[in-house]
Amino acid sequence: MGRFVLRRFVSGIFVVFVVITVTFFLARVVPSDPALKWVGVHATDEQREEANRQLGLDKPLMEQYFRYLSDLTHGNFGVSILTHRPVADELRIAIPNTLELVFSSVAVALAVGLVLGVYSATRENTWFDHGARFISVSVISIPGFWLALMLQILFSSRLRLLPLTGQIDTIIRLTSPVERVTGLPMFDAAITANWAALGSLARHYVLPVLTLSLFNLGLTARMTRSMLLEVLNEDYIRASRAYGIKERLVIWRYAMKNVAGTVVTVMALSAGYALVGTFVTESVFGWPGVGSYVAAAVVSLDYPAIIGVTIFSSIAYVLLNLIADIIVALDPRVRLVEGG
Amino acid sequence: MSSEVVLSIADLQVRARTVMGIANLLNVARLDVHSGETVGIVGESGAGKSILAQTIMRLLPGNVFVTRGTITLNGRDLLKIPAGEMASRVRGKQLTMIFQDPMASLNPVFTVRELIEGVIRVHNPRLSNKAVFDRAIEMMKMVRLSDPEMTINKYPHELSGGMRQRILIAMALCSGARFLISDEATRNLDVTIQAGVLRVLEDLRNELDLSGIFISNNVALAATISRRLGILYAGELVEIGMADEIIRDARHSYTRYFLASLPSPSKKGRPLPIASGRNPDPLHKPKGCLFAQRCDHCTDECRAETPPLHEVSPTHFVACYRGGDMA
Amino acid sequence: MKAQSLPLQHRLKRNLDGVRVFFRLLFHNRLTGVGVVMIGLLTMMAILAPYLAPYPTQGAGKVFPEARLLPPGPGHLFGTDDMGRDILSRIIYGARISLSVSVITVVVALLIAIPLGVWAGYYGGWVDEVLMRVTDIFLSFPPLLIAIVVTSFLGPSLQNAVIAIVIAWWPWYSRVARAQVMAIKERPFVKASKCIGTSNLVIMFSQILPNILAPLIIQASMDLGGVIMTAASLSFIGLGAQPPQPEWGLIVASSRMYLLNAWWYSAFPGLTILITVLSFNLVGDGLREVLDPRTKVR
C-alpha cells in the first residue's frame with residue numbers, strides 16, 4: 001500500500017513537472033511580445049529594451065528555463081504582465097475563493113445526487129426512477145455557461161431574489177469586512193461570527209454553486225444508480241436477503257460499501273469538472289477566484305498569470321487523482337493485486 | 001425423520017416477462033418435503049431448478065412472477081405473506097439458502113467476521129458484542145472450519161473455495177433456520193472439496209434435524225445426500241421417488257436418458273445414448289407431455305394432455321401415461 | 001458430434017433476427033426513439049439549412065440596424081440579435097457547424113487513437129509504456145481544460161478548436177482500443193492464426209480491428225454530445241469559433257451584453273445546445289442499455 005502511494009505520488013510530481021516545462025516552452029514559442037505588453041503600446045524603444053532586460057527575456061532560452069524553475073521553487077511565480085503584481089500573491093487571494101465554491105458545489109452535488117441515485121436504483125422502473133433518470137440526463141446536457149446566464153435572468157433580473165454578480169455586497173465589504181483567517185470567505189465569516197457578511201456571502205453563493213453543482217449532480221445520480229443496480233444484482237446481495245437481513249440494511253450498509261469506490265471516483269471527477277467550470281462561472285458571476293483571474297489572463301495573453309494558474313491546476317488535479325486512487329485502493333480486493 | 005410435511009408446493013406456476021414474450025419457467029404439480037428429510041431436485045441447466053429455489057425464498061428477479069400455486073412452510077403459505085414479514089420472520093429464521101458460487105455469494109468488501117456477525121445481529125439485536133463474536137466462532141466450528149479465530153478476520157478472496165462455502169453454510173444456519181435449500185452448492189468446487197462440504201451438510205442435517213432441498217445437475221451427488229429424488233425437466237417435475245428407486249428403476253423416458261448418459265466404467269466402449277431433439281422453448285411450450293417429441297414411446301394421448309402423476313409405488317411417482325412400464 | 005454449418009439462408013435469417021432484436025431492445029425505451037428523431041431532425045436542419053432558414057443570407061456579416069434586438073414575433077420566431085440578424089436562421093446554420101465539428105473531431109480522434117492503441121495493445125513493450133504514461137497525463141485533466149490550454153497557445157479559431165478537442169479526446173479512445181486489443185489477442189482464433197503463420201499486420205487488420213471497431217464506434221457516437229458541448233464552451237470563452245460564424249456557443253457569448261434586455265438572444269441558442277446534447281445523450285443511454293449484459297433474457 002505504501003509502495004503504491006509512493007508510486008502514484010512520484011508519478012504525480014512527474015506530471016506537474018511535465019506541465020510546467022511544456023507550458024514554459026509553449027509560452028516562449030508563441031509569437032507575442034511580453035515586453036511590449038509590460039510597458040504598453042506607447043512606450044519608447046529604450047523602455048521596451050529595459051523591460052526586456054528586466055523580464056529576463058534577453059537571456060538564452062535554457063537559462064531562462066532554469067531561472068524559471070528556481071524561481072518556482074522559491075514560490076516566485078513571476079509577475080503578472082497585466083497588473084504588474086506578483087502572480088503568487090494574486091493567486092493566494094483567488095484560490096480560497098474558488099476552493100470554497102468548488103467544495104460547496106461538490107458537496108451539494110454529492111448529497112443530492114447520491115440520494116437521487118440510490119432511490120432511483122431501489123425503485124427501478126417506477127415513475128420515480130424514470131423521472132429521476134430523465135432529470136439526470138437533462139441536467140448533464142445543460143451548457144454551464146448558458147445555465148449561469150439563464151439563472152441570472154431568472155433569479156436576479158426577473159424575480160429579483162438574488163444578486164446578479166459579485167461575492168459580497170459592497171456595503172458589507174466596507175462596513176463589516178471579513179477578517180482574513182484562512183482566506184476562505186464563508187468559513188472565516190463563520191468563525192469570526194461576522195453574521196452580516198455571512199448572510200451577504202450566502203446570498204451571493206446561491207447561483208454560482210447552483211450552476212456548478214447541477215452537472216455534477218446529474219453525473220453523480222447516474223453513476224450511483226448504475227453502479228448500485230449492478231451491485232444489487234450480485235449474488236452476495238441476494239444471499240444477504242436470504243439470511244433475513246432487512247432491505248434497508250441490505251442497501252445502506254452492505255450494497256453502499258460496494259459502491260463506495262465509485263462514489264469517490266465521481267467526487268474526484270466532479271471536483272475536476274467544477275474546477276474547469278469555474279473558468280466560465282466565475283467570469284459570468286464576477287466571482288473573484290482563479291477562474292475569472294485566468295479568464296482575464298487568457299484574453300490579454302498574460303503568460304505569467306496563465307502559467308501560474310496552469311501550475312496550480314495541474315497540482316490540484318494531480319492531488320485529486322491521487323486521493324481518489326488511494327481511496328479506491330483501500331478496497332480489499334485491490335490490495336491483493338497490488339501486494340502492498 | 002418423521003412423516004410430518006414441512007414444506008408443501010402445490011400447483012406452482014412461474015412465468016417470466018421477456019422482450020420476446022412470456023416464458024413459462026415452472027409448472028410443478030406437487031412437491032412435499034418431510035421433517036428431517038432432504039429431497040434432491042435434479043435436472044439440466046435451464047430446467048428451472050434455481051427458479052424453484054428462488055420462488056420458495058421469494059427472491060425472484062423483477063421480471064419473474066408467480067401466476068398460480070401455494071408454497072406452504074410450517075402451515076403458512078409463503079406466497080401470501082407480506083414481503084416485509086418474509087424478510088424479517090421467515091428468511092433466516094425458518095428458511096434459508098446457500099448458493100452456487102461461494103466467491104460471488106460473499107460480499108467482497110467485508111471481512112468474514114463482519115459478514116457472520118452481521119447476520120447474527122439482525123436476528124438477535126440485543127446480544128452483546130462478545131456474545132455475537134462467540135456465536136460467530138461457534139458457527140464456524142460447527143461447519144468444521146479449522147482455526148476460526150484466524151479465518152474470521154480475513155476477506156473472502158483470501159480464502160479457498162471450500163472454506164468460503166462453509167462460511168456460507170454458517171451464515172445460512174446461524175439464525176436458526178431449519179429448512180435449508182442448497183442451490184448447486186458444490187458445483188464450483190473440486191471433487192475432493194465437494195466431499196468435505198457434503199459431509200458437513202450431512203452432519204449438520206443430522207445434528208440439527210434439518211429438512212431441505214438439494215439442487216444439483218449431478219444426479220449421483222444428489223442421490224448420496226438425498227432421501228428422495230425429484231427430476232425436473234423444462235420446469236416440470238416428471239418423476240419423484242426414493243433415491244435408490246429412481247437410480248435402479250427410473251420409469252420416465254427422460255430420467256432414463258439422463259441416467260444412461262452419465263459416463264461410467266461399465267459403459268466403456270459404447271457411445272452414450274442421447275435423446276434426439278431439443279428442450280422445449282420456454283416461450284412456446286407445447287401442449288401435452290413436454291418430452292413427447294423426444295420420447296420413443298409417445299402416443300397421441302401423450303401429445304394431447306399433460307400426463308398426471310402415476311403411482312409406481314407408494315413412494316415413486318412418474319408423470320407419464322404409460323406408467324413408465326416400458327421396461 | 002459433427003460440426004454443422006448452417007446453409008446461407010439460415011445464417012442470414014439469424015443475423016437479421018439479431019438485428020431485429022437489437023432494434024426492438026433499443027427502442028424499448030421510448031426516450032431513445034425521441035433522441036434518434038431529434039438527431040434526425042437536426043441533421044436535416046443542417047443539410048437543408050438554406051431552404052429551412054427564413055433568412056438564409058443572414059449567416060454572414062451583414063448588419064440590419066433597424067431590426068436590432070427585436071423580441072420574438074412574426075417574421076422573427078426567435079427574435080433578432082444586436083446586428084439585426086434573425087436568430088432562428090443563425091441557429092439553423094449553426095447546426096452545420098456543430099454537427100460537422102463533432103463528427104470530424106471524433107473521426108480524427110479515432111484515426112489517431114486506433115493505430116496507437118492497437119500497436120500498444122498488441123505488441124506491448126516500450127510503445128505500450130509510453131502510451132500509458134502519455135494518456136495517463138492527458139486523462140488526469142478534464143477535456144475542456146486541455147482544449148482551453150491548447151487553443152490559448154494555438155490561437156482562437158474554429159479549426160484550432162477542433163485540433164484542441166481532438167488532442168483532448170484521443171487518449172481515451174486509445175485506452176479503450178488498447179484494452180479491447182489486449183482482450184482479443186488472447187482469444188483462441190487469434191492464436192490459431194498465429195500458429196499457421198499469419199503475419200502480425202494481417203492479424204491486426206483482418207481479425208483484431210473488426211472486433212474492436214464496434215465498441216469504439218458506439219463509444220464515439222455517445223461522445224458526440226460531449227464534443228458539441230465542449231466546442232460550444234470554447235466558442236463561448238472566445239477560443240473557438242469567431243464572429244461572424246453562427247456557432248451556438250458564440251451566439252450566446254455575443255448575447256451577454258444584452259442579457260437583461262434581450263433574453264431571447266441568449267435563451268434560444270443555449271436551448272438548442274441543450275436539446276442537441278440531450279438527444280445524443282438519450283441515444284447513448286439507449287445504446288448502453290442494449291449492450292449491457294444484464295439485459296439478457298434468461
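Author: Two strands pair if DSSP finds at least two bridges between them. Strands (E, at least two residues) and helices (H or I, at least four) are DSSP runs, numbered from the N terminus. This is a predicted model, in which local features need pLDDT of at least 70 and side-chain atom pairs count only at pLDDT 80 or more, while totals for chains, interfaces and linings use all residues. Residues are numbered from 1 along each chain as its sequence is written, and chains are lettered from A and ligands numbered from 1 in the order in which they are written.

Reader: Which residue is the bridge partner of B:Gly40 in E8(B)?

Author: Start with strand E3 of chain B, residues 38-42. Five bridges join E3(B) to strand E8 (residues 211-216) of chain B, and the two run parallel. In E8(B), B:Gly40 has as its bridge partner B:Phe214.

Reader: In E9(B), which residue is the bridge partner of B:Val42?

Author: E3(B) also pairs with E9(B), in the parallel sense, over four bridges. E9(B) covers residues 228-233. There the bridge partner of B:Val42 is B:Ile231.

Reader: Which residue in E10(B) is the bridge partner of B:Ile231?

Author: E9(B) and E10(B) pair in the antiparallel sense over six bridges. E10(B) covers residues 236-242, and six of its seven residues are buried. Within E10(B), the bridge partner of B:Ile231 is B:Glu239.

Reader: Which residue takes a positive phi in the hairpin of E9(B) and E10(B)?

Author: The hairpin has two residues between the strands. The positive phi, near 50 degrees, belongs to B:Ala234.

Reader: Which residue of E12(B) is the bridge partner of B:Glu239?

Author: E12(B) covers residues 316-319. Two bridges join E12(B) to E10(B), and the strands run antiparallel. The bridge partner of B:Glu239 in E12(B) is B:Val318.

Reader: Which residues does B:Met171 contact, leaving aside its neighbours within four places in sequence?

Author: A nonpolar core is a set of buried Ala, Val, Leu, Ile, Met, Phe, Trp, Tyr and Cys residues joined through C-beta atoms within 7 Å. The largest core has 257 residues, and B:Met171 is among those that touch the most other members, with B:Ile116, B:Ala170, B:Ala172 and C:Ile165. Two residues are in contact if their C-beta atoms, placed from the backbone, lie within 7 Å. With those neighbours left aside, B:Met171 is in contact with A:Tyr243, B:Leu115, B:Ile116 and B:Val119.

Reader: Which element gives the most to the side of chain B that touches chain A?

Author: The contact takes 26 residues from chain B and 20 residues from chain A. Elements that each supply at least two residues of the chain B side include helix H2 (83-90), strand E6 (95-98) and helix H7 (161-173). The most, three residues, comes from H4(B).

Reader: Which element gives the largest share of the side of chain C that touches chain A?

Author: This contact takes 33 residues from chain C and 31 residues from chain A. On the chain C side, helix H6 (143-154), helix H9 (200-237) and helix H11 (263-291) give two or more residues. The largest share is eleven residues, from H11(C).

Reader: Are H12(A) and H13(A) roughly parallel or roughly perpendicular?

Author: Angles under 35 degrees count as roughly parallel, over 145 as roughly antiparallel, 65 to 115 as roughly perpendicular and the rest as oblique. Axes are lines fitted to C-alpha atoms, for helices over the stretch in contact, with angles from 0 to 180 degrees between N-to-C directions. The axes of H12(A) (residues 247-285) and H13(A) (residues 290-299) come within 7 Å and cross at roughly 90 degrees. H12(A) and H13(A) are therefore roughly perpendicular.

Technical notes. A residue is buried if 20 or more other C-beta atoms lie within 10 Å of its own, exposed if 12 or fewer, and partly exposed in between; C-beta atoms are placed from the backbone.
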